[in-house]
Amino acid sequence: SSSVSLPADPADALAQLRRATDRCRECPIGEHATQSVFGEGPPGAALMVVGEQPGDQEDLRGRPFVGPAGQLFDRAIGELGWPRDALYVTNAVKHFKFELRGKRRIHKTPTQREAAACLHWLESEMAQVRPQAVLALGATAARAVLGRAVAVMSERGQWHTGPRGERVLVTLHPSALLRGDPAHRDEAYAAWLDDLSKATHVLR
Ligand code: URA
């Protein structure tokens, strides 16, 4: 558990939490994953970005948002002028959940019970990083951060308040854009950028 004493230095505390998530078996997902994928970025980052869970490439490389969804995210933040190394990037769930189809590992959405079991790790990251604001990508992240079910399509692009007073901006997960109707991809991307741009002031 994460309730053991943590080092006073946030960077050291985050490193200890990272090692603890790798060993975590509080839900069944960790047993099958390659490793945990913990958050990445400076403690004290003004903006914390929260995704759902690592994907196939993140699981193999041990870093968040480095696969196709991460590449789309990187493109967007590049257009917004957000340096990725100024962000603390993490996920609501720390291990990759998948289903084997032949040799392919197909992403499976974590259950609410699994996300709830993992929540204390995210709360520990928030306590160490102490961001000024949180960007929640998709319903799993939004629910974890806001502590309630979130209808992403009606609550997107708006600032919400988390249970401890956190400022939380909600938008779609980049994977939703990758899966979306190709005929509407450009407008969906533009609307997503517009949502994200509402957090630009946090980084200034
Ligand atoms: N999708 C996520 O939610 N997080 C990642 O790290 C990668 C893909």
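Buried residues make up 50% of the 204 residues in the protein chain, where buried means under 20% relative accessible area, exposed means over 50%, and partly exposed is in between (1.4 Å probe, protein chains only). This is a predicted model, so local features need pLDDT of at least 70 and side-chain atom pairs count only at pLDDT 80 or more, while totals for chains, interfaces and linings use all residues. Residues are numbered from 1 along each chain as its sequence is written, and side-chain values use heavy atoms, with hydrogens and water left out.

**Overall build**

- You'll find eight helices and seven strands in the protein chain; helices (H or I, at least four residues) and strands (E, at least two) are DSSP runs, numbered from the N terminus.
- With 204 residues, a compact globule would have a radius of gyration near 17 Å, and the 16 Å of the protein chain agrees with that. The radius is taken over C-alpha atoms, and the globule rule is 2.2 Å times the number of residues to the power 0.38.
- The C-alpha trace spans about 45 × 45 × 30 Å along its principal axes.
- Take the contacts with a separation of 6 or more: 71% of them come from residues 24 or more positions apart. Contact here means heavy atoms within 4.5 Å.

**Surface and charge**

- Five of the five residues of S1 (residues 47-51) are buried, so the strand is largely enclosed by the rest of the structure.
- Leu47, Val49 and Gly51 point one way from S1, Met48 and Val50 point the other way, and all are buried.
- S1 runs parallel to S2 (residues 87-91), with five bridges between them; two strands pair if DSSP finds at least two bridges between them. Leucine 47 has leucine 87 as its bridge partner in S2.
- S1 also runs parallel to S5, joined by four bridges, and in S5 the partner of leucine 47 is alanine 133.

- S7 and S5 (residues 133-137) run parallel, with five bridges joining them; leucine 135 is partnered with leucine 169 of S7.
- S6 and S7 form a hairpin with five residues between them, and glycine 165 in the turn has a positive phi of about 85°.

**Two loop residues to look at**

- Arginine 164 sits in the loop between S6 and S7 and counts as exposed at 60% relative accessibility. Its C-alpha is 9.9 Å from that of glycine 147, with 17 residues separating the two in sequence.
- Histidine 95 is in the loop between S2 and S3 (98-101), and is buried with a relative accessible area of 7%. Leaving aside neighbours within four places in sequence, histidine 95 has contacts including Thr21, Asp22, Cys24, Arg25, Gln53 and Pro54.
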